[in-house]
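Subject: Handover of a structure and notes on its contents

Dear colleague,

Please find below the structure that I am handing over to you. My notes on what was found in it follow directly after.

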Amino acid sequence: MTQVILKVIQGSLNTREFSFSQRTTCIVGRAADCNILLPDDQAHNTISRYHCLIDINPPQLCIRDFGSLNGTYVNDEKIGQRDLNHAIDKAQEMIYPEYDLHHGDRIKLGDSVFQVLIEEDKNSSGCEQISVSSAFVNHASCDPLDKIKSLLLKAEKDEQQLMSIRGYKLLKELGKGSMGAVYLAKKEDTQQQKIALKVMLPKVKSDPKAHQQFIRETKNTKLLNHKYIVQVYDIGCYDDTFFFTTDYCEAGNITQLITKNNGKLPLFQALKILLQILDGLEFAHTVKIPVVVLADGKKTSATGLVHRDLKPGNILLTRVNNILQIKIADFGLAKAFDLAGLSGRTATGVSAGTPYYMPRQQVINFKFAKPEVDVWAAVAIFYKMFTGRYPRKYNKDTDPWLTTLKVPVTPISEYESSLPKALAEIIDKALYEQPQLHYKSALQLKNDILKVI
């Protein structure tokens with residue numbers, strides 16, 4: 001197993017080591033909730049509360065300064081420092097570039113110096129240094145359509161690992177993103193209903209262990225048999241390509257619905273969608289999982305699955321008796337892909353989007369996976385549907401991750417004073433983040449809403 005170690009070689013934290021063997025983000029600064037907390041002393045008085053972010057996907061990592069007054073030093077070169085003539089609020093209206101880090105690099109923050117070590121786990125290969133020059137896969141010429149067509153042809157030739165997709169014919173592309181694509185498909189010469197066939201392509205050279213971790217974390221989504229959740233039928237991996245067959249939702253998604261309605265939805269419709277999302281979340285968060293295979297191969301049981309990446313684009317729409325109904329898609333999929341190290345270097349990069357629907361707890365702790373993060377995201381989606389705005393005030397040129405860390409949620413009544421006071425208070429309460437998220441369950445929030453409508 002490859003691990004990244006940030007070893008303190010100078011300063012009051014000297015000899016401390018911070019080790020990372022899995023996909024994560026690491027915020028460094030003087031704020032109490034930073035992942036690496038620097039001393040609040042004279043030697044570090046040039047360090048901001050949230051100073052920089054290190055994005056780690058062993059063996060890859062990069063660093064980005066948050067526009068601090070004094071900058072961050074990498075190998076004695078200053079990166080990311082804001083112009084001395086810029087006030088702090090002006091600096092936060094800029095996005096500073098990311099810098100790749102390599103084995104042996106030194107990061108200087110105040111009096112503390114960290115050395116980057118990229119090594120094999122001591123339990124496996126005696127701390128052998130890892131070469132990372134060829135860790136990434138070039139997908140510029142790798143079309144998901146070509147990949148899935150190839151797999152379908154092999155399925156027709158009785159490849160056992162592909163029998164679950166044998167006989168499917170692709171009808172059209174439904175969507176395409178940084179991690180792959182989704183196609184409408186149907187079994188040839190049958191009356192079977194149409195399904196969505198999703199293809200995900202790793203951005204790094206993956207190994208069987210990464211494959212197993214991802215499949216292990218996603219196969220339990222097949223247990224989510226609920227009217228407000230997209231049903232997953234089959235999950236597989238072949239030739240470094242992951243594929244899934246799921247329900248097809250013909251009416252688009254919430255992002256498209258908002259756009260069709262000139263940027264926001266009427267209260268009754270937005271509230272109905274929120275209550276459906278909460279119903280789906282409550283089922284997922286409390287479902288009994290009879291068998292969970294742990295990383296060490298041991299088996300146990302568990303309760304509940306958390307989505308961790310809820311947003312309007314994965315709230316799909318279908319019609320039941322001509323009435324619009326939601327279905328939550330990609331339950332835990334994107335985050336599991338990322339945590340398995342398959343999505344490439346960075347959660348903070350363009351390909352992974354932005355944290356508009358994340359509570360700050362998820363920015364501080366990349367692996368934070370409790371039901372309340374989904375509840376928060378569901379309310380953030382309602383906020384967007386009803387007001388046409390995000391809960392926080394994001395500037396298009398602002399680093400969205402720093403905004404999520406530092407900028408509080410705007411009370412919803414500031415944008416929509418027509419919202420009944422009792423309901424507005426519940427929405428605001430649901431978006432509280434400090435010291436912790438208020439609503440711990442979807443059912444708790446749903447019951448509070450039903451009391452005032």
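Lys440 is partly exposed, with a relative accessible area of 34%. In this predicted model, Lys440 forms a salt bridge with Glu372, and the closest N and O atoms of the two are 3.8 Å apart. Lys440 lies in the loop between helix 11 (421-430) and helix 12, whereas Glu372 lies in helix 9, so the pair ties together parts that are 68 residues apart in sequence. Glu372 has a relative accessibility of 10% and therefore counts as buried, the cut-off being under 20%.

Further salt bridges

The count of salt bridges comes to 15. One of them joins Arg360 to Asp33, with 2.9 Å between the closest N and O atoms. As for accessibility, Arg360 counts as buried at 8%, while Asp33 counts as partly exposed at 26%.

Another salt bridge is formed by Lys446 and Asp279, whose closest N and O atoms are 2.6 Å apart. This pair also links distant parts of the chain: Lys446 is in helix 12 (residues 442-452) and Asp279 is in helix 6, 167 residues apart. Asp279 counts as partly exposed, at 24% relative accessibility.

Helix 6 covers residues 267-286. At 1.5 Å a residue, its 20 residues should span 28 Å, and the end C-alpha atoms are 28 Å apart, which agrees with that expectation. Is helix 6 mostly covered or mostly exposed? Helix 6 is mostly covered, as 14 of its 20 residues are buried.

His226 is placed in the loop between helix 4 (208-218) and strand 15 (232-238). With a relative accessible area of 19%, His226 is buried, because the cut-off is under 20%.

Aromatic residues

The count of aromatic pairs comes to seven. Tyr356 and Tyr390 form a stacked pair, with 4.0 Å centre to centre and 25 degrees between the planes. The two residues sit in distant parts of the chain, 34 residues apart: Tyr356 in the loop between helix 7 (333-339) and helix 8 (360-364), and Tyr390 in the loop between helix 9 (371-387) and helix 10 (400-406). Tyr356 is partly exposed, with a relative accessible area of 22%, and Tyr390 is partly exposed as well, with 24%.

Tyr390 also pairs with Tyr357: the ring centres are 5.8 Å apart and the planes stand at 75 degrees, so this pair is edge-to-face. Tyr357 lies in the loop between helix 7 and helix 8, and Tyr390 in the loop between helix 9 and helix 10, so the pair ties together parts that are 33 residues apart in sequence. Tyr357 counts as buried, at 11% relative accessibility. Taken together, Tyr356, Tyr357, Tyr390 and Tyr394 form one aromatic cluster.

The charged end of Lys384 sits over the ring of Tyr390, 4.3 Å from its centre. Elsewhere, the charged end of Lys187 sits over the ring of Tyr168, 5.1 Å from its centre.

Confidence of the model

The protein chain has an average pLDDT of 85, and 83% of the residues score at least 70. Where does the pLDDT stay under 50? One such stretch is residues 86-93, for which the model has 15 contacts beyond four places in sequence. Another is residues 345-353, where the pLDDT is below 50 and the stretch has 30 contacts in the model beyond near neighbours in sequence.

A colleague

How values were computed
Residues are numbered from 1 along each chain as its sequence is written. This is a predicted model: local features need pLDDT of at least 70, side-chain atom pairs count only at pLDDT 80 or more; totals for chains, interfaces and linings use all residues. Side-chain values use heavy atoms; hydrogens and water are left out. Rings of Phe, Tyr and Trp (its six-membered ring) pair if their centres lie within 6.5 Å; planes under 30 degrees apart count as stacked, over 60 as edge-to-face and the rest as tilted. Helices (H or I, at least four residues) and strands (E, at least two) are DSSP runs, numbered from the N terminus. Buried means under 20% relative accessible area, exposed over 50%, partly exposed in between (1.4 Å probe, protein chains only). A charge sits over a ring if NZ of Lys or CZ of Arg is within 6 Å of the ring centre and within 35 degrees of the ring normal. The expected span of a helix is 1.5 Å times one less than its number of residues. pLDDT is the predictor's confidence in each residue, from 0 to 100. Contact means heavy atoms within 4.5 Å. A salt bridge is a side-chain nitrogen of Lys or Arg within 4 Å of a carboxyl oxygen of Asp or Glu.
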